Amino acid sequence: MTLVRRTGLFMVSLDDDGSGTAPGATLLADGSGKSEKKERMVSLRHVEKKKQDRQKGGSPKANLQTWADAGVDLSRLSAEELAEKAQAPNHEDYKHEGETVNTEVRATKKDIQILDGETVVAKYDKGSGTWTFTSKNIMLTASDHLTLECTGGATDIKGKPINFNGGGPSTPPFTVPGEPWLVMSAICSSSTSPPMRSNSTGFCPTRT
């Protein structure tokens, strides 16, 4: 649902846990009062769809026909239900959610997804605390400073080749062909690099 408060606009959804108390729950036919368990999502999307036909229906008879065309058995409706449907045509068959999706951000209880059409290009898995990005190109651009830091383990850089363009005051631009482990070796062997102390990998012995 969409909720408007003074603090902001909220799009809210929750899963049906089967208790029969969730909004929009579909109760089971066994009379237990329980409902069908269902996972729901919140979706922010840009879509393609045709213009809604608001000329549909018109007279009470025409309005009822739109409900019949949608599969509603008019003979099983009460007099009150029949009168209600005769007042307005059925527009439930119109795909308000879009016939096709261009781009989308989707949130569920378990994850957040960013989609290009039907292709997931980014996903955050709540259970593992992991972001995964998959696309043709990924660019990170900072106007002042960019830090990549892993505080709990190794940092893996994979690519063939790995290019370091632009250099700096101590390291000129260079390219590392082949395997990723050659990155540190190439940095250590740079003739303009300052003295480096040995580390746990053994790639950079002390140099004076």
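Which residues do ring pairs link into a cluster?

## An aromatic cluster

Ring pairs link Tyr124, Trp131 and Phe133 into a cluster, where rings of Phe, Tyr and Trp (its six-membered ring) pair if their centres lie within 6.5 Å, and planes under 30 degrees apart count as stacked, over 60 as edge-to-face and the rest as tilted. By this rule the count comes to two aromatic pairs. The rings of Tyr124 and Trp131 are tilted, because their centres are 5.4 Å apart and their planes stand at 45°. Trp131 and Phe133, in turn, form a stacked pair, with 5.3 Å from centre to centre and 15° between the planes.

Phe133 counts as exposed at 52% relative accessibility, whereas Tyr124 is partly exposed at 25% and Trp131 is partly exposed at 43%; buried means under 20% relative accessible area, exposed over 50%, and partly exposed in between (1.4 Å probe, protein chains only).

## Two crossing helices

The axes of helix α1 (residues 60-69) and helix α2 (residues 79-87) come within 7 Å and cross at roughly 105°, the axes being lines fitted to C-alpha atoms, for helices over the stretch in contact, with angles from 0 to 180 degrees between N-to-C directions. The two helices, α1 and α2, are therefore roughly perpendicular to each other (angles under 35 degrees count as roughly parallel, over 145 as roughly antiparallel, 65 to 115 as roughly perpendicular and the rest as oblique).

## Basis of the model

This is a predicted model, in which local features need pLDDT of at least 70 and side-chain atom pairs count only at pLDDT 80 or more, while totals for chains, interfaces and linings use all residues. Residues are numbered from 1 along each chain as its sequence is written, and side-chain values use heavy atoms, leaving out hydrogens and water.

Notes
Helices (H or I, at least four residues) and strands (E, at least two) are DSSP runs, numbered from the N terminus.
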